[in-house]
Structures are given as structure tokens and as C-alpha cells.
Amino acid sequence: MTGKDVPHLLDARDAIAQGTRINVTFLENEDMDVRLAAARAVNEGGFVPVPHVSARRLSSRTALEEYLGALQEIGANAQIFAVGGDPTTPHGPYADALSIIESGLCQQYGVQSVSIAGYPEGHPDISEPDLWAALTDKAAALGDQGLSGGIITQFGFDVDPVMTWIEQVRERGIELPIRIGVPGPAGVRRLMRYASRFGVGTSASIAKKYGFSLTNLLGSAGPDRFIGELAGRLDRQRHGEVRLHFYTFGGLGATSRWISDFDENYEKEARR
Ligand SMILES: NC(=O)C1=CN([C@@H]2O[C@H](COP(=O)(O)OP(=O)(O)OC[C@H]3O[C@@H](n4cnc5c(N)ncnc54)[C@H](O)[C@@H]3O)[C@@H](O)[C@H]2O)C=CC1
Ligand SMILES: Nc1nc(=O)c2c([nH]1)NC[C@@H]1CN(c3ccc(C(=O)N[C@@H](CCC(=O)O)C(=O)O)cc3)CN21
């Protein structure tokens with residue numbers, strides 16, 4: 001969720017399982033108070049906030065301490081998501097998520113678990129070798145720092161690269177739990193806007209995978225097929241712990257209701 005989602009979280013409260021982890025973004029157009037208000041709302045709803053800490057957007061060590069300190073004060077410090085951040089040039093001393101993990105400040109402010117990002121389809125501005133080196137280094141650093149953690153992947157529309165990527169992660173000896181990022185249900189236009197903004201897939205490939213036509217962009221689409229296929233191909237023994245992370249581009253309420261409906265249908269199918 002973003003800061004603007006606070007009222008939507010209150011509306012969707014009953015549709016979300018208590019204890020669900022809800023990430024709070026660290027967007028350029030929002031300030032610390034907005035992020036804190038969102039984390040507080042997550043707590044008050046009976047959920048677990050996972051505030052994002054964007055390394056490149058931090059101007060100083062003090063700024064990181066202030067944010068972690070404020071999170072601690074409101075009891076939203078147990079888990080964070082440490083991410084590089086989109087600025088081409090870092091605004092301060094932290095150029096990557098690794099430097100947040102190695103700052104020593106997480107432990108000092110009571111952070112127990114740090115999630116990090118994964119890219120099954122690569123990243124438009126970061127090379128594959130750099131992405132793999134970063135993932136390996138961050139996984140090792142979490143261990144060295146005595147922090148637990150997990151990987152949350154960039155959202156995608158295609159299961160093939162996800163499966164290949166999970167296998168590569170495990171081959172590299174990284175055993176962290178993985179959450180595969182999927183977009184919640186949303187209008188097709190909006191999905192494609194976000195995909196293009198973050199350099200994920202192409203309109204044609206998304207249309208094909210999601211089964212909609214590029215000549216009719218008025219409809220909306222959900223990750224039914226993606227999740228069904230992923231579930232069918234995952235093997236606990238081989239792939240370790242793999243769960244889902246929903247990016248709520250179409251709104252928190254819509255995604256929450258979609259998840260409840262999906263679960264209900266899934267259980268019905270299973271009972272048949
Ligand atoms: N805010 C969010 O929810 C999400 C943000 N992202 C973005 O993905 C990018 C990478 O983040 P992490 O995986 O945490 O990488 P990271 O912090 O582990 O860095 C990996 C490598 O890429 C370089 N790097 C990091 N950010 C960069 C950038 N914006 N431009 C060029 N090089 C960069 C680092 O110096 C390092 O060598 C960032 O741009 C981040 O903002 C990705 C997923 C979700
Ligand atoms: N490289 C990269 N950078 C990111 O910042 C990023 C990703 N990847 N992957 C997905 C997540 C999720 N992110 C976001 C970013 C912006 C909004 C956002 O602007 N929300 C608007 C609503 C706008 C609309 O209606 O479309 C808001 O104001 O809350 C939501 C999620 C950021 N994320």
C-alpha cells in the first residue's frame with residue numbers, strides 16, 4: 001500500500017486475514033509522516049506492517065536512524081523491506097540495500113526481518129551479474145548480521161522466467177523464503193502502465209499471458225492463470241518455501257476481495 005491507501009485499508013479490513021503482512025511503499029512523492037501514518041493504520045487493523053526503506057532516497061545516516069526510530073516508536077519496526085531505490089544517483093551514503101543491512105542500525109532499532117528484492121525478468125538499469133551478486137551478498141549479509149529475511153520479487157506476468165529464476169536462486173545456495181510478486185486484479189490499461197513504468201514485460205507478451213486482446217483494453221484482468229500455473233509447477237522439495245506477494249495496483253479492496261474469492265473457489269475445487 002501507499003500512503004493514499006489508508007482509507008482503502010480501513011474499508012477492506014474485514015476482507016484481509018488478521019496477521020497479513022502489508023508492505024508500505026517509500027515513494028518519492030510521500031514524506032515520512034505519510035509513511036508512518038500508513039504503517040500505524042496497518043498495525044491498528046491487526047496486520048503486520050512491512051515498511052520499505054529505499055536506500056538511495058535517504059540523505060544521511062541520521063535520516064535512516066530517524067525513520068527506523070519512528071517506526072520503532074509506533075511498533076512497526078519488526079520487519080522491513082530494504083530496496084535500492086530508483087534515483088540514478090544516491091541522495092546520501094546508501095547506494096544499495098546491502099548498505100542498509102550492513103549499517104548495523106537494523107538490530108539497534110529492533111528490526112528482526114529484512115526482505116530484499118528479486119528480479120525474475122531482470123531490471124532495466126541493472127545487469128544480470130550485478131543483480132545476482134547483490135542477491136548473494138545481501139543473503140549472506142542477513143546471516144552475518146543475525147537478521148532473518150526473505151525475497152520479494154518484482155511483479156510479473158509470466159511463470160516461465162519465475163520458475164527458472166527460483167531454480168537459480170536455490171542453485172546458488174540461497175535458501176531464504178521467496179514471495180513471488182503478482183499484480184492484483186486491475187484494469188488492463190493500468191496494468192500495462194505499471195508494467196511499462198517499471199520495465200516489466202511488454203504489452204504484447206502481457207496480453208498473451210493474461211489472455212486479453214490488445215484491441216479491447218477496457219476490461220480488467222487478474223492473476224488467476226498465473227497463480228494456477230505457478231502452483232502446478234512448484235515442488236516444495238526442490239523449490240523450498242515459495243509464497244505470493246500482491247501488488248495492489250487496482251486497489252487494496254479489489255485485491256483483498258479477489259484473494260478471498262480465489263481461496264474459496266480453490267477450496268471448493270479441492271473438495272470435489
Ligand atoms: N520500491 C519498490 O517497491 C521496489 C523498487 N525496486 C527498484 O529496483 C531497483 C533495485 O533495487 P534492489 O534490488 O534493492 O537493488 P540493490 O540495492 O540490491 O542494488 C543492486 C545493484 O544495483 C545497483 N542499483 C541499485 N539501484 C539502482 C538504480 N536505481 N539504478 C542503477 N543501479 C542501481 C546497486 O548499486 C547494486 O550494484 C531499485 O531501482 C529499486 O527502487 C524494485 C522492486 C520494488
Ligand atoms: N523499480 C521499481 N520501483 C518501484 O518503486 C516499484 C517497483 N519497481 N515495483 C513495484 C513497486 C510498487 N510500487 C508502486 C508505485 C507507485 C504506486 C502509486 O503511484 N500509487 C498511486 C496510485 C496511482 C494510480 O491510481 O495508478 C498512489 O498515489 O498511491 C503504487 C505502487 C513501487 N514499486
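How do the residues of the shell around ligand 1 divide into nonpolar, polar and charged? I looked this up and found 8 nonpolar, 7 polar and 5 charged, where Ala, Val, Leu, Ile, Met, Phe, Trp, Tyr, Cys and Pro count as nonpolar, Asp, Glu, Lys and Arg as charged, and the others, Gly among them, as polar.

I note that this is a predicted model, in which local features need pLDDT of at least 70 and side-chain atom pairs count only at pLDDT 80 or more, while totals for chains, interfaces and linings use all residues. Residues are numbered from 1 along each chain as its sequence is written, and chains are lettered from A and ligands numbered from 1 in the order in which they are written.

Ligand 1. I listed 20 residues around ligand 1, the closest being Gly84, Asp96, Ala97, Ala117 and Ala134; a residue belongs here if its C-beta atom, placed from the backbone, lies within 6 Å of the ligand. Helix H6 (128-144) and helix H4 (97-101) each give at least two residues to this shell, helices being DSSP runs of H or I with at least four residues, numbered from the N terminus. The largest share, 3 residues, comes from H6.

Ala97. I then followed Ala97, which touches Ala55, Ala82, Val83, Gly84, Ile116 and Lys138, leaving aside residues up to four places away in sequence; contact requires C-beta atoms, placed from the backbone, within 7 Å.

Ligand 2. Around ligand 2 I found Thr2, Lys4, Thr25, Leu27, Asp86, Gln154, Phe155, Arg190, Phe198 and Tyr247, a shell of 4 nonpolar, 3 polar and 3 charged residues.

Terms used: Two residues are in contact if their C-beta atoms, placed from the backbone, lie within 7 Å.
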